[in-house]
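Hi,

Here's the structure I promised to pass on.

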Amino acid sequence: MSDVVERTLSALPGLLGQHEPGAGPGGPGRASATSRLGGLIRSITALSSKHEEEKLIQQELTNLKATVSAPATTLRLMKECMVRLIYCEMLGYESSFGYIHAIKLAQQGNLLEKRVGYLAVSLFLHENHELLLLLVNTVVKDLQSTNLVEVCMALTVVSQIFPREMIPAVLPLIEDKLQHSKEIIRRKAVQALYKFYLIAPNQVQHIHDKFRKALCDRDVGVMAASLHIYLQMIKENSSGYKDLTESFVTILKQVVGGKLPIDFNYHSVPAPWLQIQLLRILGLLGKDDPRTSELMYDVLDESLRRAEINHNITYAILFECVQTIYTIHPKPDLLEKAAKCIGKFVLSPKINLKYLGLKALTYVIQQDPNLALQHQMTIIECLDHPDPIIKRETLELLYRITNGQNVTVIVQKMLDYLKQSKEEYTIINLVSKIAELAEKYAPANEWFIQTMNAVFSIGGDVMHPDIPNNFLRLLAEGFDDEKEDEQLRLYAVQSYLGLLEEEDAIYPQKFLQVMSWVLGEYSYLINHEGDPEVIMTRLHKLLKKTFVTSETKAWIMAAITKIASLNRGSKTIDKLIQEFSTSLDTCMRQYAFELKHLCEDKDLMKNLLPRDASCNDMVVDASLSFLDGFVAEGLSRGAAPYKPHHQRQEEKLSQEKALNFEPYGLSLSSSMSSSGFTGRQSPTGLSLGSDMSGNSTEMGQKEMSSLKLDGVKKLWGKDGYLPKKESKTGKEDKLEAVPPGSTLGGNMVDHPLSEADQEVVSPSEEEKEKQRLASTLFVGLASDSAVSLMGKADTTTQKFKRKSKISETQNSEEAPSIQHDATLSFRPLPEAQSNDNENIQSTEHVRLRKSSLSSSEVLEASISFKRPQSLTEARLDAKLPDYRLSPSSLFADNNIEVFQPSQVIPSVVASKASLIPSLSEELANNPHSEAVELCSCDTLAVNLCKVWTDDCLLLVLFVANRSSSALKNVNLVFENSEHFKIVEGLSYHFPVIKAQSLESCQKSVQMEKNCMQEILVGSLNYHLEMETGLEFSVTLSLTDFIRPMKITTEDFGKLWLSFSNDVKQNVKMSPSQGSLSIALNTLQQKLKLHVVDIVGNEGLVACQLLPSVPCLLHCRTHAGMLALWLRSPCSALPDSLLYQCQKVMEET
Amino acid sequence: MSVHMQFMLLFSRQGKLRLQKWYVPLSDKEKKKITRELVQTVLARKPKMCSFLEWRDLKIVYKRYASLYFCCAIEDQDNELITLEIIHRYVELLDKYFGSVCELDIIFNFEKAYFILDEFLLGGEVQETSKKNVLKAIEQADLLQEPRHEYFNVPVY
């Protein structure tokens, strides 16, 4: 073949310059592919500049384009064009015009041309390319070809790229090929199925037994190909393939024992690829499974023993073997051998092996920390290795053995490495590791702050947002010792002031934001020694720097505002206000105005920005009850009650569709206002009212009041609600987490850490230095047991043990699930954001919101929010009886008496004792109604009992045969209702009801369409002497389908924000109802609601409409009125439930 | 086998790309960016350095044969040493097929190099580890066509 090249080269001079497009069909087509391509290649190499190359290739592409699209172009010429196109693409030039011709070539060409066509397709297209669909037919045709080469080509292309949706078109053909007599075809078919398994596992679900057959194929190649599929399947579900362990072990034994054909040897090692694949599979199967692991110990031992020749390939097998041994259930003597093996790698002079040795050490270090000790000198050497990848892997290893005693040295090494690294991925990765170690093991405040400074400077804007968030939270929440907290903060402030002093230093935005926040919150700590004016001047200077983004400027402004609130008038502030009041940046202008107004009212400002209160509770009046007076006034003036936007829109739509037959105006306004207070109107009445008011002259007024509410909600409903919510839950977390944290901390002993700091490298006594470094690095490894390395029960002090550590980890575990489960509407959850700190944006909003308020009107509002109240203080719900304890009071309004579930069924007024309907014990344990007679005649009587189970409404119908003869074929049929759905179907058939006996049937009912109260009609048909039908009806009300929803206050908060449909109403409370807790108690009992929390005069109540439509209530007492605010994802539910609440409140 | 290759690049000491095979779907833009970055990084490495590289979240395994660099991207948990041997096996195959292969063979007959690669690695996995079998498959395809061309040297329309 190489002589082809030579021939080409010698022919080159004559061929150069021959670039006429499409040399024409026939004779000139003979100009061989190599020579034309050769010409192109030669002329490109002759060029000196990139620009010339581009010109040449563009010219070439133009020629090619003309050639491929000319109808007279032969396939032979086309093939040659394709090769040149591939070449142009490789040089990075777009040649998509040729793709379609590649497909055509694969379709129409002879073998040689087809081969190039397929190659071009597989190089040009990716598996999602739309043109690929055009290839399917060709593939199908070639798969059916009698020519082996054609089948091979088709299978090869299928294994590389194939459109997922077209798999069914070729799958049967490929399955057939599994039985082909040629092993190469069988092998390629398995390979294609593997590809299908990767891109669409469901499509090949049914052929799993064929995979097993392939595993047992007499040809090694086919068997090896099937291992790809098995490795993948076992990765996904190892428990499903444990039965194959022995087969894999046997295969490996045969391979290791040299039983395979010599062809499969690679440098006289038998089938190394196969061995490694099998070792990997065994590792997955034996993981955490002593019994399965038992099966493979022998063969692993043999593998270790056999791999003796000093060649790369044996090391590759050894490495895999070691990894498997450490992955499966451990066996001491194997571990020992594996450890020896790792030693061979680590000590090897070959750099590749050394690298793998470090990699293996990193992998096993947590199981076997002594290994690190054995090789500590090598590790020290690797730390200063000229090859960065070796250093990098060593740091990874050290990261895993970090403890409180060696943390300073290790972090220093990591920082040194970082300073030289420019690769973003490495920076992100290492920076978060440093931050983690610093937080976990920091020996001193100064060290911690300085390390974090380095992290922020280097990590800058690429690091994970968790890092600054966690850091700030740690500062703000503090840890157990108040004095320590203060020192840490003070040191941070001092350090940042020092950094900002440097005039020309440029810091990353995130770092500046951290600094601003800390200075804003804690600069008062140095007030006795520093002038706030100085701090403000520095921040002011920053504002004028061009590299500071507007986001960071917002942080800085917030900090300045906070500092200003603690001090009397300041020149810098005045200057700043003046300067930015005319700024072109509207945000900055706004901040300046805010600051100006705040400065004019110092008391307000102090109130608004209390010192060191970032972690304090804030109670949010989410119901905006402070506006109730305003609303009441509006209503009494005749304004229409507020309707949420969506409801107004719906009403508008329905109005547009139908003619309005109602008279306009009239005295609606007064009736509306009365309804607002007494709430005697049904929801339907309400919506009618607002429909009409929309048309009336009150439009403007209504619009106005709704606008006001909107405006307020926008500020305080979503964003404004967040910070308060966050700090509240933060506190709760802390409270819960303190006990475990302190018990852990109690066992810890302080270690002096001084020796860890003495890391001075002097080149003169290199060896000694290394020794010393080793002793600082591996301190704690020698004396401590393996346990201490796992970092779980470390004996060293964890300086910054966060109070909320435990709850935090829980949260972080939950976090992903929250985010996954949450539908879009759940997105703005305050907890998810604050606890996870995923999103720096949100946190930053939170912080900023505290200080940047946009209007003075809202300022007042915020002050009224700050009534100091803690949730725990007034937790009354414990005192409230659960409805389950007293179900007797349930449904008192339903004319059905309710039994105590625990009681034995009391005697019912019935003439015949045997016909007394009674519930089965199981059902009787649920709250249920008394049996009421629905209908009766001489022969039959139907009684009904409603059972309110947790997940449905159960209608238990008792059919009593009063006659003296047995009744056959009694049918109970419900009529179809648009409101209800009967799960088990509308009818029930009693084959026979004996004389003087009782039969029962159960139907669970679901509410399909929301309604207050509807009737379910049914009939009972039987045939005695003639066809007789008894009709009956059952009244079902909304309350039959309401169940309590047990959620926590936090969940309530989350859900509340995510629901869009709300209704608000004031209901008058009778004097007997007195306090909120009594009123809620009533609601809880009568409507089966769940009281989530009661704080002062506000209460949170939750319930759900079966099957699972939640509805949340916010209740607040105010001057003899109960303000109810309901929210739900279902638009009709709040209205209906409000109506029920009103009814209950009136009745008691 | 035991390696799921993401892509393979062959480039010269001058940084000229000689062969590229992508086993993961990427846009042309990304491919170009990756190629540029990798070629630069690998060429900057000194001869005595490790054959492995961490690059983004991938491992790069590379080896130089004469003037040509062979460079594979694998996942972090894959076996680096066996990847080196994959490269070596590929070189052996090329050598056997071309008869003491040199860069020029690959430049001028890159489609053949692709055919051999496709027969050896399929979809990023080692398909056939027997050198004999790979070459047999290639020769079969070659042989089947050559005579046809001599006898029917007529363009097909």
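Below is what turned up at the interface and in the pockets.

A bit of housekeeping: this is a predicted model, with local features needing pLDDT of at least 70 and side-chain atom pairs counting only at pLDDT 80 or more, while totals for chains, interfaces and linings use all residues. Residues are numbered from 1 along each chain as its sequence is written, chains are lettered from A and ligands numbered from 1 in the order in which they are written, and side-chain values use heavy atoms, with hydrogens and water left out.

Interface first. Chain A puts 78 residues in contact with 75 residues of chain B (contact means heavy atoms within 4.5 Å). The two chains bury about 7,100 Å² between them, and 59% of that is on carbon and sulfur atoms (buried area is the accessible area, 1.4 Å probe, that two parts lose on being put together, summed over both). The rule finds 9 salt bridges across the interface of chain A and chain B (a side-chain nitrogen of Lys or Arg within 4 Å of a carboxyl oxygen of Asp or Glu). B:Arg45 and A:Asp387 also meet in a salt bridge, at 2.8 Å from N to O. As for residue classes, the side of chain A that touches chain B has 40 nonpolar, 21 polar and 17 charged residues (Ala, Val, Leu, Ile, Met, Phe, Trp, Tyr, Cys and Pro count as nonpolar, Asp, Glu, Lys and Arg as charged, and the others, Gly among them, as polar).

Now the pockets (on a 1 Å grid over the protein atoms alone, open sets of points where a 1.4 Å probe fits, with protein on both sides within 12 Å along at least five of seven lines; lining residues have an atom within 4 Å of a point). The largest pocket has 44 lining residues, with A:Glu89, A:Met90, A:Leu91, A:Gly92 and B:Leu17 nearest its centre. Helix 1 of chain B gives the most to that lining, with 6 residues (helices are DSSP runs of H or I, at least four residues, numbered from the N terminus). The lining of the largest pocket divides into 18 nonpolar, 12 polar and 14 charged residues.

The second largest pocket is lined by 41 residues, and A:Gln323, A:Lys359, B:Asp76, B:Gln77 and B:Asp78 are the closest to its centre. Here helix 16 of chain A gives the most, with 5 residues. By class, this second lining has 10 nonpolar, 13 polar and 18 charged residues.

Cheers

Conventions:
Helix = DSSP H or I, 4+ residues; strand = E, 2+ residues; numbered from the N terminus.
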